[in-house]
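Please read the following note with the sequence and the model open beside you. The points are numbered so that each can be checked in turn.

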Amino acid sequence: MLVSLVSVATLAALAGCSSADASEDKPQLKVTGAFMPQPVSDMASGFLTVTNSGGAADRLTSVTSDISDDVTIHETKDQKMRQVKSFDIPADGELSLDRGGSHLMFMGLKKELEQGQRISVELHFEKTDPIKVDLPVKETTYNPTRH
């Protein structure tokens, strides 16, 4: 009888732990530092940081925007840029899209962009619901790491 009570108590404790830990097993994403340097042609790049404070990894899989029908994600390795299908966002980590590195690429802009405008984009992820972000258009040479 005592063994049965201990087993029931242990199962109840384990059930309580698993439901409490379930929320920690999800990505918790937040976007900061978003910007777009003012384009000098019909192409533009975008930069931002996605921080994941959750206990599970996620992936940035695509980006959409009304400013371009062709928004892709690129990485730069060995000074060569190439399009990729997704970017990993590690659990308790971040994805940094910075000048000279990985970035968003907007091809065939539908209109000319000027400093001070805000470009709306929607980031799509493997696990998390889409996140809408405004990218302020900054001067062409803007680089927040220099400030």
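Predicted model: local features only at pLDDT ≥ 70, side-chain atom pairs only at ≥ 80, totals over all residues.

1. P37 counts as buried, because its relative accessibility is 5%, where buried means under 20% relative accessible area, exposed means over 50% and partly exposed lies in between, as found with a 1.4 Å probe and with protein chains only. This residue lies in strand β1, and strands here are DSSP runs of E with at least two residues, while helices are runs of H or I with at least four residues, both numbered from the N terminus. Leaving aside neighbours within four places in sequence, P37 is in contact with S45, F47, R99, V137, K138, E139 and T140, contact meaning heavy atoms within 4.5 Å.

2. Residues are numbered from 1 along each chain as its sequence is written, and side-chain values use heavy atoms, with hydrogens and water left out.

3. For the overall picture, the protein chain has one helix and ten strands, and from the N terminus on these elements run α-β-β-β-β-β-β-β-β-β-β. Of the 147 residues in the protein chain, 38% are buried. The accessible surface comes to about 9000 Å², and 51% of it belongs to carbon and sulfur atoms; such areas come from the Shrake-Rupley method with a 1.4 Å probe, and for residues only the protein chains shown count as cover. Among contacts between residues at least 6 apart in sequence, 70% join residues at least 24 apart.

4. Which strand is largely enclosed by the rest of the structure? Strand β8 (residues 103-107) is, because four of its five residues are buried. Strand β2 (residues 44-52) pairs with β8 in the antiparallel sense over three bridges, two strands being paired if DSSP finds at least two bridges between them, and within this pairing G46 has L104 of β8 as its bridge partner. Strand β4 (residues 70-77) also pairs with β8 in the antiparallel sense, over five bridges, and here H74 has H103 of β8 as its bridge partner.

5. The structure holds two aromatic pairs, a pair being two rings of Phe, Tyr or Trp (its six-membered ring) with centres within 6.5 Å, called stacked if the planes are under 30 degrees apart, edge-to-face if over 60 and tilted for the rest. The ring centres of F35 and Y142 are 4.8 Å apart and their planes stand at 80°, so this pair is edge-to-face. Because F35 lies in strand β1 (residues 29-37) and Y142 in the segment after β10 (131-138), the pair ties together parts that are 107 residues apart in sequence. Both F35 and Y142 are buried, and together with F47 they form one aromatic cluster.

6. H124 is placed in strand β9 (residues 118-125), and its side chain makes a polar contact of 3.0 Å with the side chain of T64. A polar contact is a pair of N or O atoms within 3.5 Å; within protein, one must be able to donate a hydrogen and the other to accept it, and residues adjacent in sequence count only if both atoms are side-chain atoms. Apart from neighbours within four places in sequence, H124 is in contact with residues including R59, L60 and P130.

7. T128 sits in the loop between β9 and β10, where its side chain makes a polar contact of 2.4 Å with the side chain of D58. Not counting residues up to four places away in sequence, T128 touches P27, L29 and D58.

8. Finally, please look at the loop between β4 and β5 (80-84), where D78 lies. The phi of D78 is near 55°, a positive value in a residue other than glycine, and D78 is exposed, with a relative accessible area of 73%. Q79 lies in the loop between β4 and β5 as well, and has a positive phi of about 60° although it is not a glycine. At 80% relative accessibility, Q79 counts as exposed.
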